Amino acid sequence: MLIKHADDIKSSEITPEQLYLNRRKFIASASAATVGLVASTLIPSSFATAKSGDDFKPKNPSKYNTTEDLTPYKDVTMYNNFYEFGVDKEDPAENAHTLKTKPWTVSVKGHVKKPATYNLDDLIKGLTLEDRIYRLRCVEAWSMVIPWLGFPLRDLIKRFEPTSKAKYVAFETLYSPEQMPGQSRSVLKWPYVEGLRLDEAMNPLTILATGLYGKQLPNQNGAPLRLIVPWKYGFKSIKSIVKITFVETQPPTSWNIHIPNEYGFYSNVNPEVDHPRWSQGKERRIGEFFKQKTLMFNGYTDQVASMYSGMDMKKNF
Ligand SMILES: Nc1nc2c(c(=O)[nH]1)N[C@H]1C(S)=C(S)[C@@H](COP(=O)(O)O)O[C@H]1N2
Ligand SMILES: [Mo]
């Protein structure tokens with residue numbers, strides 16, 4: 001995650017794309033793909049060479065949708081952090097094909113009335129897939145605007161019936177060095193883990209994503225199930241989740257284990273708290289040349305700030 005900065009990408013490498021395929025068709029096929037989890041299909045070439053995502057842009061902004069320009073599909077799927085497939089941004093797109101996303105099981109444990117190991121298809125049955133256009137920001141100061149397809153994490157959590165002892169939710173990525181060759185190297189402690197406080201997990205903005213741009217999630221973006229917490233840095237958005245545990249105390253998180261003085265548990269986007277090695281005041285939207293000011297809570301202050309009132313946000317970075 002510290003390897004390459006957006007600044008390293010030459011502007012000439014960034015091509016705007018035009019998405020002209022019918023949106024509803026994508027959503028229909030993505031839903032079918034998610035429910036049935038058909039083998040991942042190749043991206044139609046028209047999709048890969050297409051221009052801006054106007055077809056996916058909502059007409060009206062809402063708390064679940066920003067109307068900012070979308071980051072081209074190509075950048076969203078070819079500029080990734082997924083250390084299980086290598087530490088360079090281009091590695092996951094190249095290597096993640098070895099991940100088998102079907103069948104996929106998610107085990108739910110800890111302080112819940114309904115712990116079980118669920119088949120993903122059964123687990124998400126009946127949950128409404130929604131399109132949500134959120135910013136994703138990385139601590140390295142690059143950001144993207146991505147039309148996600150997913151469902152509120154809270155809708156899933158309610159089904160497990162957490163008990164009063166459940167104060168945090170811990171997530172775990174698949175551990176399988178055969179499928180995830182990066183796990184044979186000790187760049188991070190495996191499996192990758194993340195956590196949220198229960199109220200953060202229950203915030204209506206927080207989703208589990210199964211797709212983007214109306215299509216099934218590409219492996220490099222965390223198929224078949226990944227977390228999106230739009231007011232936090234990208235590294236909160238753990239990919240390829242196989243385990244969800246409800247715990248009483250703050251769970252460990254991969255980047256905090258790796259470099260504790262640089263990455264805390266909360267990782268709220270806070271332009272006033274510098275990363276030890278760079279400022280967090282500005283960010284580069286992938287595909288754009290000029291940097292822009294980073295917004296507190298990544299622009300989602302109205303929906304999330306109250307969860308942190310009374311907390312020292314510099315200490316709890
Ligand atoms: N399992 C796993 N999840 C992960 C990571 C990872 O290396 N492994 N990287 C994180 C980081 S640092 C970022 S910025 C985002 C990147 O998501 P994207 O590739 O979809 O943009 O994924 C996060 N989730
Ligand atoms: Mo990140």
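This is a chat about a predicted model of one protein chain and its ligand.

Me: How many helices and strands are there in the chain?
Reply: The chain has nine helices and 12 strands.

Me: And what share of its residues is buried?
Reply: Of the 317 residues in the chain, 54% are buried.

Me: What about contacts in the chain, what part comes from residues 24 or more positions apart?
Reply: Taking contacts with a separation of 6 or more, 74% are between residues 24 or more positions apart.

Me: How much accessible surface does the chain have, and what part belongs to carbon and sulfur atoms?
Reply: The accessible surface is about 13,900 Å², and carbon and sulfur atoms hold 53% of that.

Me: Now the sheets. What is the strand order in the open sheet of five strands?
Reply: The order is β2-β1-β10-β5-β6, and the pairing is mixed. β2 (116-119) and β6 (193-197) are at the edges with a single partner strand each, so one side of each has no neighbour in the sheet. On average, neighbouring strands of this sheet are turned by 20 degrees against each other, direction ignored.

Me: In which sense do β5 and β6 pair?
Reply: Strand β5 (residues 168-173) pairs with β6 in the antiparallel sense, over five bridges. Within that pairing, E172 stands opposite V193 in β6.

Me: Where is T245?
Reply: T245 is in strand β10, which covers residues 241-247.

Me: Is T245 buried or exposed?
Reply: T245 has a relative accessible area of 17%. Buried means under 20%, so T245 counts as buried.

Me: What is T245 in contact with, leaving aside neighbours within four places in sequence?
Reply: The contacts of T245 are K109, G110, Y168, V169 and A170.

Me: How far apart are the C-alpha atoms of T245 and E172?
Reply: They are separated by 8.5 Å, while the two residues are 73 residues apart along the chain.

Me: Next, β7. Why is strand β7 largely enclosed?
Reply: Strand β7 runs over residues 207-212, and six of the six are buried, so the rest of the structure largely encloses the strand.

Me: Which strands pair with β7?
Reply: One is strand β4 (residues 142-152), which pairs with β7 in the antiparallel sense over five bridges. In that pair, P152 has I207 of β7 as its bridge partner. Strand β9 (residues 226-228) also pairs with β7 in the antiparallel sense, over three bridges. There, A209 stands opposite R226 in β9. Strand β8 (residues 215-216) is another antiparallel partner of β7, with two bridges. L212 has K215 in β8 as its bridge partner.

Me: How many residues are between the strands in the hairpin of β7 and β8?
Reply: There are two residues between those strands, and Y213 in this hairpin takes a positive phi near 50 degrees.

Me: Change of topic: ligand 1. How many residues surround it, and which are the closest?
Reply: Ligand 1 is surrounded by 18 residues, and the closest are N80, Y83, E84, S237 and K239.

Me: Which atom of Y83 lies 2.8 Å from an oxygen atom of ligand 1?
Reply: That is a backbone N or O atom of Y83. S237 also has a backbone N or O atom by the ligand, 2.9 Å from a nitrogen atom of ligand 1. From T173, a side-chain N or O atom is 3.0 Å from a nitrogen atom of ligand 1.

Me: How much of ligand 1 does the protein bury?
Reply: Taken alone, ligand 1 exposes 540 Å², and the protein buries 100% of that.

Me: Where is K236 placed, and is K236 buried or exposed?
Reply: K236 is in the loop between β9 and β10. Its relative accessibility is 1%, so K236 counts as buried. Not counting residues up to four places away in sequence, K236 touches several residues, including E194, G195, L227 and F265.

Me: Last one: where is T294?
Reply: T294 is in the loop between β12 (292-293) and α9 (301-304). T294 is buried, with a relative accessible area of 7%.

Me: Which side chain makes a polar contact of 3.0 Å with that of T294?
Reply: The side chain of R137 does. Leaving aside neighbours within four places in sequence, T294 is also in contact with other residues, among them V269, P271 and Q280.

Methods:
Residues numbered from 1 in each chain as written. Chains lettered and ligands numbered in written order. Predicted model: local features only at pLDDT ≥ 70, side-chain atom pairs only at ≥ 80, totals over all residues. Heavy atoms only, no water. Helix = DSSP H or I, 4+ residues; strand = E, 2+ residues; numbered from the N terminus. Buried < 20%, exposed > 50% of the residue type's maximum accessible area, 1.4 Å probe, protein only. Contact = heavy atoms within 4.5 Å. Pairing = 2+ DSSP bridges. Areas by Shrake-Rupley, 256 points an atom, 1.4 Å probe, with all protein chains shown as cover. Near = heavy atom within 4 Å. Polar contact = N/O pair within 3.5 Å; in protein donor to acceptor, adjacent residues only side chain to side chain. Axes fitted to C-alpha atoms, helices over the stretch in contact; angles between N-to-C directions.
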